[in-house]
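Here is a short note to read alongside the structure. Please keep the model open while going through the points.

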Amino acid sequence: MIHLFQKTKILNEKDILPILKKQNSPIWFYDANIIKHQIQKLKKFDTIRFAQKACSNIHILKLIRKCNVKIDAVSLGELKRALIAGFKAKNDEIIFTSDIIDDETLKKIINLKITVNAGSLNMLKQIGKYSPGHRIWLRINPKFGHGHNKKTNTGGENSKHGMWEPELAIPIIKKYKLNLIGLHMHIGSGVDYQHLKKVCDAMIQQAIKLNQKIQFISAGGGLSIPYTMTDIPVDTEHYFKLWNNARNTLSQYFHNKIHLEIEPGRFLVGESGILIAKVYEIKKVGKKIFTLIEAGFNDLMRPVLYGSYHHISIIPADNRIISNCQYRKTIIGGPLCESGDIFTQNSQGELIERLLPKIKIGDYIVFHNTGAYGASMSSNYNSKPLIPEILFEDGIPRIIRRKQTINELLKLELDMN
């Protein structure tokens, strides 16, 4: 029996197969208990603020809000999702983070008095012009970066994020009487604690250099999850200890208590999700075998975008025992009219053969650890409708997003009057 959610080992193919046959795949599945378990690991931080870009389904946001987690939004759409999920503009339940701000979003933020984590100087001028005294954070680029892929690096000369010279923000803040309450530094460190110590030291140095009476610092996000069997999980106790030391240093320097936030996205939801899709073709091409499924990179973008690895398992449609099956190498691909629509590739775009149990047409492929940057990065490429999302909570499933219809997709272009 395959345990599809490896953290809780509650759900297995017997729970999933009837839903697949009734709803038709591909489908996203989530386990609420895993999300709650991950939240508990970060409880020592004063505030856990979920980076909802990782998984922005309103029902997931409601679940997280009930666990006393606050929310980060990076667009007007994410602001509206947060409000619908029950987050309030007051008490900094919502913070808006960006490097630019359009007029429509600016009006919403000013009307609701939502605190802004600003990554550029012009943002401060825009906010200050219409909302003197507005509560703000400064997002700082510490002039170095880190990430599992160059496209995920959020610091240094090659990153567009944050302020390179945050000291230039101080005259603007004073001019418009903006209320600077915190400093934010998102670089991401995973289990590289030597790098994390460098980030913490950079926060201390920048805060002292700016010499403003701040109340908050944010450790940002970037906490990794183990995608492969050999990946080392984050030691959240050590992670907190390093940031707590930085907080205590600044509290002593400014003679007031500094509130410590962390902003996880992937860490809370990544391991909670799986994507399941049916096999429709197995074809031999030269010496290679391609297993083609109905999910494409329009559904799961990460392998194509980053060469990201997702563990793959099989749910046999005929109830055969997988452990007795012959194994063979195969490449897993999708239905899109793109040669790059391959789930088993590296960051250079080279095809990677996976050693899997012998697959049959009609079987189901399971991609593990897809709860983060899975559904939230989906698109309608090739005019493919968005697929359903189902949440298991205490073993009970419920649909949290139904499948989009083709008519709904076309409606945006046909309803022009």
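**Notes on the model**

1. The structure holds six aromatic pairs. Rings of Phe, Tyr and Trp (its six-membered ring) pair if their centres lie within 6.5 Å; planes under 30 degrees apart count as stacked, over 60 as edge-to-face and the rest as tilted. One of the pairs joins Tyr 253 and Phe 254: the ring centres are 5.0 Å apart and the planes stand at 90 degrees, so this pair is edge-to-face. Tyr 253 has 38% relative accessibility and counts as partly exposed, while Phe 254, at 3%, counts as buried. Here buried means under 20% relative accessible area, exposed means over 50%, and partly exposed lies in between (1.4 Å probe, protein chains only).

2. Phe 297 and Tyr 381 form a stacked pair, with 5.7 Å from centre to centre and 15 degrees between the planes. Phe 297 sits in the loop between strand S11 (288-293) and helix H11 (302-306), and Tyr 381 in the loop between strand S15 (364-368) and strand S16 (389-393), so the pair ties together parts that are 84 residues apart in sequence. Phe 297 is buried at 12% relative accessible area; Tyr 381 is partly exposed at 33%.

3. Two remarks on the source. This is a predicted model, in which local features need pLDDT of at least 70 and side-chain atom pairs count only at pLDDT 80 or more, while totals for chains, interfaces and linings use all residues. Residues are numbered from 1 along each chain as its sequence is written, and side-chain values use heavy atoms, with hydrogens and water left out.

4. The protein chain has 12 helices and 17 strands. Helices (H or I, at least four residues) and strands (E, at least two) are DSSP runs, numbered from the N terminus. Of the 417 residues, 56% count as buried. Along its principal axes the C-alpha trace spans about 70 × 55 × 40 Å. Among contacts (heavy atoms within 4.5 Å) with a separation of 6 or more, residues 24 or more positions apart account for 70%.

5. Which residues of helix H6 (residues 121-130) are buried? They are Met 123, Leu 124, Gln 126, Ile 127 and Gly 128. What covers them includes strand S4 (94-98), helix H5 (103-112), strand S5 (115-118), strand S6 (135-139) and helix H7 (169-175).

6. Some backbone details deserve a check. Most residues other than glycine have a negative phi, and most peptide bonds are trans. The peptide bond from Ser 25 to Pro 26 is cis, with omega near 0 degrees; Pro 26 is in the loop between helix H1 (13-23) and strand S1 (27-31).

7. Asn 211 is not a glycine, yet its phi is positive, at about 55 degrees. This residue lies in the loop between helix H8 (193-210) and strand S8 (216-218), and at 47% relative accessibility Asn 211 counts as partly exposed. His 255, also not a glycine, has a positive phi of about 60 degrees. The loop that holds His 255 runs between helix H9 (236-254) and strand S9 (259-262). Is His 255 buried or exposed? At 70% relative accessibility, His 255 counts as exposed.
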